[in-house]
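Let's walk through this protein together and look at how charged side chains pair up. Keep the structure open beside you as you read.

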Amino acid sequence: MSFGARKVFEEPDRFVFEASWFQNEAQERKLYLYFYPNDSSLELFDLHSRKTFLRRCKLNGISEPDLYLGAKLMIYGRQINVIDYADELTRRKLSAKRQKTFIVVKPAAYQCTGKIITLLYEQKFTVQQLKMVRLNQGLARIILDDIDISGNPAEPFLVEQLLSGPVVMMELSGDDAVSRLINLIGEHGDPDAKLPSRLLFGLDSLRTAVFVSKNLQQAETHIRTFFGDPYAPKVESTENKTTLCLIKAHAIKEGNAGKIIDALFDSDLRITAMKMCLLERQNCEEFYEVYKGVVPEYVQMVLQLSSGPCIALEIAGKSDNSNAYSELRGICGPTDPEIAKQIRPHTLRAKFGKNKVENAVHCTDLEEDCQLEVEYFFKIIE
């Protein structure tokens, strides 16, 4: 037995995963990732060198629900991919309960997306992937066929619902995620189910707010079709008099992403594109390059942006003739949340920010950079 394999079975009070890290030179480094539930600490062990890669430590933003097969973790600016369970104890404890599932917010409920995301986080679901797309008939029918509506006389109406505007798709993770999501919102978003489902704004058995996968197999098919397939629908930005709002990693982890999106809708700003991104360290450095040597918090800003997923939003103004750049900056408030709380207490940074680095949202500093920042998130890093 190798040292690495022997090390796996030393302690039963931890979970062990096979993981990998792709270095800049495109070489894959195989690792063991150890997670200790008692204090939420972790360590990394390099299988090639048989040496500790990262000593045991506790990282803000990584907890037990973040560990599942297929997870992508940002650890000190490195994207670590969770590939498999590394021992039977971990497999036995986690494989049965830790699941992924899939939900689609339909066009009629699009402006309720923030409220839906907030509800999901309150119910201990984690959003792992998210994007706003427009479907064609073929993709709409894939969703409908998978929930056994094909051949139903109402099918044309249901297809038209999905084609009437943008949909927001999400991959969710959590314990017993498939059944818990169905229990939360009712089968296929049934508005007559338990009380929480009414927050999802379904009107009747046909005009529901969401579609959800009804079993684990369908969830895997949906996630693969709409997120993993090279031909999956892409997020399309308008890039016409728009600007960028970026919900930072800490705000998502704290469960505030939905509240921020809801506040943007309440302000009458229009969200014309949306997607969740997990940025590599070099992407974060490139995006914040203008601040290098200028802003003292530059390094901390890069680390925050690379510490977990963020949500990029393309924002259009309240009307076709209004200025999205100035309107968004007014809603975001001063960069420093402490100042924002004093002079602009109703702004996003005042409500959800903690300090100048963890200030909830990024918005474009200079109006002439609006298109560049939108292009960066919705085209360049696609």
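Start at glutamate 338, which is partly exposed with a relative accessible area of 44%; buried means under 20%, exposed over 50% and partly exposed in between (1.4 Å probe, protein chains only). Its partner is lysine 341, and the two side chains meet in a salt bridge (3.7 Å, N to O). Here a salt bridge is a side-chain nitrogen of Lys or Arg within 4 Å of a carboxyl oxygen of Asp or Glu. Lysine 341 is also partly exposed, at 37%. Both residues sit in helix α14 (residues 337–343), and because they are 3 residues apart, about one helical turn separates them. Helices (H or I, at least four residues) and strands (E, at least two) are DSSP runs, numbered from the N terminus.

A word on where this comes from: the model is predicted, local features need pLDDT of at least 70, side-chain atom pairs count only at pLDDT 80 or more, and totals for chains, interfaces and linings use all residues. Residues are numbered from 1 along each chain as its sequence is written, and side-chain values use heavy atoms, leaving out hydrogens and water.

The structure holds 18 salt bridges. In one of them, lysine 115 joins aspartate 262, with the closest N and O atoms 2.9 Å apart. Lysine 115 lies in helix α3 (residues 113–122) and aspartate 262 in helix α10 (residues 257–266), so the pair ties together parts that are 147 residues apart in sequence. Lysine 115 is partly exposed, at 37%, whereas aspartate 262 counts as buried, at 14%. Finally, find Glu64, Arg98 and Asp175, which a network of salt bridges links.
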